[in-house]
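Dear colleague,

Please find below the structure that I am handing over to you, with its sequence. My notes on what was found in it follow directly after.

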Amino acid sequence: MTTAAAPPRVPEAIHRRRWAILGTLVLALLVVVLDNSILNVAMKTIAAPAPTGLGASQSDLEWSINSYTLVFAGLLFTAGLFGDRFGRKRSLLAGMVVFGIASLLSAMAASPGELIGYRALMGVGGALAMPATLAIIMNVFERSEQPKAIGIWAGAVGLAIAIGPITGGLLIEHFWWGSVFLVNVPIVIVAVIAMVVLVPESKDPNPGKLDPVGVLLSIIGLVALIYGIIKGGELADFTDAGAWVPMLVGVVALVAFVWFERRAAHPALDVSWFRNKVFSASVVVVGVVFFALMGVSFFGVFYTQSVRGYSALQAGVLMLPLAVAQLMFAPRARLVVDRFGVAATCAGGMVLIAVGFLGYLLLDATTPIWILVVLGFLMGAGMAHVMPPVTVAIMGSLPREKAGAGSAVNNTFRQVGGSLGVAVLGAVLSTVYRDGMADKLDQLPTEALREKAGESLEATLAVADRLGPQGAALVGPAHDSFINAMHVVAGLSAGITAVGALLAWFLLPGRLPAGGPGAAPGATPAPEAAAGAAGPARESEVAGT
């Protein structure tokens with residue numbers, strides 16, 4: 001018996017402009033992801049005294065990054081719910097407008113405190129926009145094209161991470177520090193205009209009643225947990241009360257959130273999703289891979305700039321192979337999945353990433369730089385075969401009308417994993433570095449200098465420069481100690497990624513559910529609704545659940 005092909009669930013008017021819609025979403029994604037990587041390049045300039053910079057302290061600089069991360073991660077889940085309930089296009093537009101205004105304010109900040117506050121506001125905009133991009137993709141592409149579209153979406157993330165330092169380096173060389181924020185404004189204006197014209201509205205047709213208790217618990221839990229992780233990384237000591245107390249508060253709030261959601265008549269998050277092995281394994285793999293990758297990106301900047309002596313712009317160029325590999329392979333990962341299955345593809349990608357980490361063990365102060373280029377390309381290829389299939393698996397294991405919440409959970413696990421990676425692996429790096437430098441630092445004349453020089457490689461080199469000829473003896477040992485610490489962290493990251501490969505191999509499915517992305521297992525497709533002439537896709541038209 002021959003089964004008729006399923007009718008299209010996306011109205012023809014939207015289907016025709018789907019790639020233009022994707023281009024608009026990628027533009028939004030680029031500006032949000034690019035901002036954090038572009039800011040890293042401007043840190044030294046912002047630390048300089050006025051009028052060159054803001055005279056920001058080390059703590060100010062850290063919180064100019066962390067305020068964004070804290071708000072962004074804390075609101076991701078809530079923002080996804082907002083999009084599902086009130087409209088993903090509305091959420092996307094609101095996020096981009098807030099992000100653009102906050103970028104302009106950040107560029108004009110007159111003090112470190114103002115910059116930290118405006119960066120937090122940028123986090124609100126980023127949280128509103130990010131989940132909506134993926135949710136809209138699920139509602140404007142037919143199931144057969146969703147893996148390719150998600151591959152392009154994932155490749156855009158890698159591109160933004162790589163071109164951020166290059167863009168930032170060029171701007172800092174020719175303009176003032178605020179230009180790294182001001183550059184967002186024209187991009188946001190173009191993106192908003194394109195969104196108004198091209199992007200259709202979609203929402204959950206049956207969102208149920210609001211769950212204010214669940215939403216509040218999720219925000220408290222995520223913010224407290226991320227704050228504790230960040231603080232532990234800053235202190236390089238997770239036993240300090242400033243780190244473990246907020247982490248404990250966060251964990252308790254999240255446990256209370258799960259408990260409450262299991263009993264709520266209209267939960268903000270259907271915790272039964274986590275009983276689905278595909279969903280649970282996928283979000284864990286996302287967290288693991290970003291834990292390892294963000295930790296290594298943390299030391300990679302110091303290796304290229306502080307040890308090898310490359311400028312910020314040159315260091316940014318050295319990240320291009322990672323982006324090129326993702327752009328090449330991410331949109332084509334679906335072909336590998338079609339042939340070998342989700343589990344084998346993701347496990348293979350994780351193995352490539354682990355091999356890349358092991359390759360860092362070959363690096364020293366004089367290693368030919370082409371080896372770093374090859375390692376970047378290898379890790380980018382690995383990422384390209386992990387993130388698109390895992391994202392498709394996450395979104396494909398949920399009802400389509402919950403695309404915003406699903407996207408938010410995906411991004412939340414990525415953000416928490418990345419924050420943990422920076423904090424934990426950064427703390428390991430600092431500890432191993434200080435231990436390696438202990439005997440050299442003991443020779444410094446004062447306790448204050450010894451404490452300052454032990455903070456990091458950059459701090460040691462700054463003290464050495466201040467001491468002149470007397471400090472020159474610190475430079476070589478500092479480089480050696482940092483490289484040893486880098487090897488330890490790279491080996492640890494390789495081991496964590498190998499565990500992720502095993503999780504992917506044993507827990508991810510060989511194939512996606514027969515219904516394809518957007519169809520929860522065991523769900524029955526909704527009857528096709530009559531498509532409006534040129535109106536936006538209604539959820540019932542594209543739900544398939």
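In this model, H13 passes H16 in a right-handed crossing; a crossing is called right-handed if the near helix is turned clockwise from the far one by less than a right angle, and left-handed if anticlockwise. The model is a predicted one, in which local features need pLDDT of at least 70 and side-chain atom pairs count only at pLDDT 80 or more, while totals for chains, interfaces and linings use all residues. Residues are numbered from 1 along each chain as its sequence is written, and side-chain values use heavy atoms, with hydrogens and water left out.

Helix H13 covers residues 320-329 and helix H16 residues 369-384; they pack at an angle of about 35°, and their axes are 7 Å apart. Helices (H or I, at least four residues) and strands (E, at least two) are DSSP runs, numbered from the N terminus. Axes are lines fitted to C-alpha atoms, for helices over the stretch in contact, and angles run from 0 to 180 degrees between N-to-C directions. On the H13 side, the contact (heavy atoms within 4.5 Å) is made by Pro321, Leu322, Val324, Ala325, Gln326, Met328 and Phe329. H16 contributes Val373, Gly376, Phe377, Gly380, Ala381, Met383 and Ala384. By class, this contact of H13 with H16 has 11 nonpolar residues, three polar and no charged ones. Here Ala, Val, Leu, Ile, Met, Phe, Trp, Tyr, Cys and Pro count as nonpolar, Asp, Glu, Lys and Arg as charged, and the others, Gly among them, as polar.

Valine 324 has its place in helix H13. Valine 324 counts as partly exposed because its relative accessibility is 37%; buried means under 20% relative accessible area, exposed over 50%, and partly exposed in between (1.4 Å probe, protein chains only).

As to the overall picture, the protein has 22 helices and zero strands. Of its 545 residues, 54% count as buried. Among contacts with a separation of 6 or more, 82% join residues 24 or more positions apart. The largest nonpolar core has 138 residues, of which Ile46, Leu92, Met96, Tyr360 and Phe482 touch the most other members. Helix H2 (residues 18-47) supplies the largest share of this core, 16 residues. Such a core is a set of buried Ala, Val, Leu, Ile, Met, Phe, Trp, Tyr and Cys residues joined through side-chain atoms within 4.5 Å.

Several individual sites may also be of use to you.

Serine 91 lies in helix H4 (residues 88-107) and is buried, because its relative accessibility is 1%. Leaving aside residues up to four places away in sequence, serine 91 touches Ala79, Phe82, Gly83, Leu128, Ala129 and Ala132.

Tryptophan 177 lies in the loop between helix H6 (146-174) and helix H7 (179-182). With a relative accessible area of 3%, tryptophan 177 is buried. Its C-alpha is separated by 6.8 Å from that of glycine 53, 124 residues apart along the chain. With residues up to four places away again left out, the residues that tryptophan 177 touches include Thr45, Ile46, Gly53, Leu115 and Ile172.

Methionine 395, in helix H17 (residues 387-396), counts as buried at 3% relative accessibility. The C-alpha atoms of methionine 395 and phenylalanine 279 are separated by 8.2 Å, the two being 116 residues apart along the chain.

Leucine 335 belongs to helix H14 (residues 333-340) and counts as partly exposed at 49% relative accessibility.

Finally, the buried residues of helix H15 include Cys346, Met350, Ile353 and Phe357.

With kind regards
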